[in-house]
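This report concerns aromatic rings and their surroundings. The structure is shown first, and the description follows.

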Amino acid sequence: MRRRRMEFVFLFILIAAVYMILFTHVSFNVKLFFIGLYIFVMVVTMFSLMLENRFAHETLLWMYVLLFFPVFGYVFYLFSGQLYLKGYLFRSKRKRDREEWKSLVTHVSPPDLSFLNNHQQSFAAFAKNASETTISTSSQTEVLKNGNETFTEIIKQLKKAEKFIHIEYYIFRSDRLGTEIIDILIEKAKVGVEVLFIFDAAGSLSLSNNEVKRMKNAGIKAYPFSPLKHGFFNQKFNFRNHRKIIIIDGEIGFVGGLNVGEEYLGRNKNIGFWRDTHMVLKGEAVNMLHTVFLLDWEYVSGEDVLQERPAFKNKVEHGDGAVQVVASGPDTQQGIMSDFYYSLITSATESIWIASPYFVPNQAIKAAIKHAAIKGLQVRLMVPAVNDGFLTQYGSRSYFGELLQFGVEVYSYKKGFLHQKLIIVDGDMASIGTANMDMRSFHLNFEVNVFLMGSRTIDDLVTHYKEDMKDSDKLDSIRYNDRGFLERSKESFARLFSNVL
C-alpha cells in the first residue's frame with residue numbers, strides 16, 4: 001500500500017529532521033532546510049487527515065497531537081489514529097465474510113416476531129436489516145454470573161465434548177485456570193475430538209509458547225490472531241480480536257465478558273473481586289456464533305472450512321424470546337455495534353440500564369442517553385469505582401457531570417472491578433457480550449454481542465443489576481461538582497484522548 005509506505009518514510013524524515021536540528025552542529029542553512037522538511041511532512045499529513053472527512057473535533061484533536069508532540073505525536077497517530085487502515089487491511093476478510101453470510105441466510109425463513117411488543121419490534125426491524133445475522137426465535141439463553149459459575153459450566157461442557165471444540169479468546173493465560181482448560185483440550189484431542197483454538201496475539205502474550213506447542217503436539221490446531229511480528233509495519237497489530245467464543249459439538253455456545261485467567265475468578269490480589277457476565281446459548285443462535293468463529297478461523301488458518309461444515313439443525317423445542325448474535329469489527333460495516341447500541345437505547349420507553357467498565361461514548365450515544373433522561377426515562381449508568389487505566393478511568397468520569405445534570409443516575413461499583421458490558425432497556429430487551437462502550441470497541445476491535453428481546457433471561461440480568469446497585473455508591477451531583485481542581489484536571493486531560501481510547 002503506497003500510502004502506508006510513504007507514512008513510514010515520513011516517520012524516518014521526521015526523526016532525521018529532529019536529530020539534525022537539535023543534536024548536530026551543522027550550519028544554520030542546513031537546519032533551516034530540515035525545519036522546512038519537517039513542516040512539509042506535517043502539512044502533507046494534516047492535509048491527508050483532513051481529506052478523510054472525520055468529525056471536525058476528531059480531526060482537530062489529531063492535528064493538535066501532530067503539532068504539539070513532535071515525532072511522538074506522529075508515531076501515536078501512525079498506530080492509533082489510522083482508522084482508514086481497517087478498510088484496506090481487512091478488505092478481503094470483510095468481502096469474503098459478507099459473501100459467506102449471504103449464502104448462509106439466503107434460504108432462512110424470517111421468524112415470526114408478532115409476539116414482540118411495539119418497541120421491541122421497532123428495534124427488531126432495525127436489527128434485521130443492519131446485521132448479516134438473523135434473528136432467532138428457536139434459541140435459549142442462560143446467564144452465568146461471574147467467574148465461578150462461568151468456568152464451572154465451561155469446564156463441565158468441555159469434558160462432555162464428543163465431536164469438536166472451537167475456542168477463541170482475546171486473553172488466554174498460562175496460569176492455573178488456563179492450564180486446566182488446556183489439559184482438557186489436549187485430553188479431548190487425543191481421543192479424536194477436533195479442537196480449533198484462536199488466541200489474540202496481543203491479548204494472550206502471557207500464553208506461553210510451551211503451552212501452544214503442547215497443544216499442537218496433541219493434535220490441536222492453534223493460531224494467533226494478527227501476530228505482532230507480522231503486524232508492526234502494516235499496523236494490523238492495532239486491530240485486536242476481543243471476542244470470547246466457545247462452541248461445543250455445534251450444540252452449545254459460550255460468549256460474554258470473561259477471558260481465561262485467574263484474575264477472572266477473583267484470585268488476583270491486586271485486582272480483587274471481578275464482576276462479570278457470560279452467557280450460554282443453545283439452539284439456532286449457536287449456528288450464528290459458530291459462523292463468527294469459523295470466519296475468523298478461515299482468516300487465521302487459510303482453510304476453507306465453513307461451506308464444508310454440515311448445517312446443524314439444532315432448533316430448540318421451546319424458544320425463549322428473540323435472540324440475535326451480532327459481530328462487529330473491521331470485518332463488518334463501519335460502526336455497526338455503535339448503531340446497535342444507539343438503536344437499542346432510542347427504542348426505550350421506560351428505562352435504560354447500562355453497565356460498562358470503559359464508558360467513553362461517541363456523540364450519538366451520549367446524545368441518546370441525555371435525551372432519554374430529559375424525556376423522563378429512568379437512565380442508570382454503572383461503572384467501576386477504580387479502573388485498570390488512568391485514561392479510561394478519568395476519561396469515563398469526565399462525562400458524569402453532564403449526565404448527572406440531565407438526571408442520569410450514575411453508580412460507582414465498589415465491591416471490585418466491574419467488567420460486564422450490559423445494556424437493559426425497559427426490562428425486556430438487552431445486550432450482553434464483549435463490546436465496551438468506547439471507540440476501540442466501536443471502530444478497532446473484533447467484537448461479538450448477543451441481543452435479547454422478550455427473553456426470560458433478561459429477568460436474571462435485571463436481578464443481578466439490582467444486586468450490583470447494592471454494592472455501588474450513587475453519585476451525588478452536588479458532591480461531584482465540588483470535586484477538587486486536581487480531579488477536574490485529570491478528567492479534562494483524559495477527555496482529550498476520548499476519541500482514541
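Is F172 buried or exposed? F172 is buried, with a relative accessible area of 0%, where buried means under 20%, exposed over 50% and partly exposed in between (1.4 Å probe, protein chains only).

The model is predicted: local features need pLDDT of at least 70, side-chain atom pairs count only at pLDDT 80 or more, and totals for chains, interfaces and linings use all residues. Residues are numbered from 1 along each chain as its sequence is written, and side-chain values use heavy atoms, without hydrogens and water.

Across the whole structure, a search finds 22 aromatic pairs. Rings of Phe, Tyr and Trp (its six-membered ring) pair if their centres lie within 6.5 Å; planes under 30 degrees apart count as stacked, over 60 as edge-to-face and the rest as tilted.

The rings of F123 and F451 are tilted, because their centres are 5.9 Å apart and their planes stand at 40°. F123 belongs to helix α7 (residues 118–130) and F451 to strand β16 (residues 447–453), so this pair ties together parts 328 residues apart in sequence. Helices (H or I, at least four residues) and strands (E, at least two) are DSSP runs, numbered from the N terminus. F123 is buried at 1% relative accessible area, and F451 is buried at 0%.

F172 and F197 form an edge-to-face pair, 5.1 Å centre to centre with 85° between the planes. F197 also counts as buried, at 0% relative accessibility.

| Pair | Centre distance | Plane angle |
|---|---|---|
| F123 and F451 | 5.9 Å | 40° |
| F172 and F197 | 5.1 Å | 85° |
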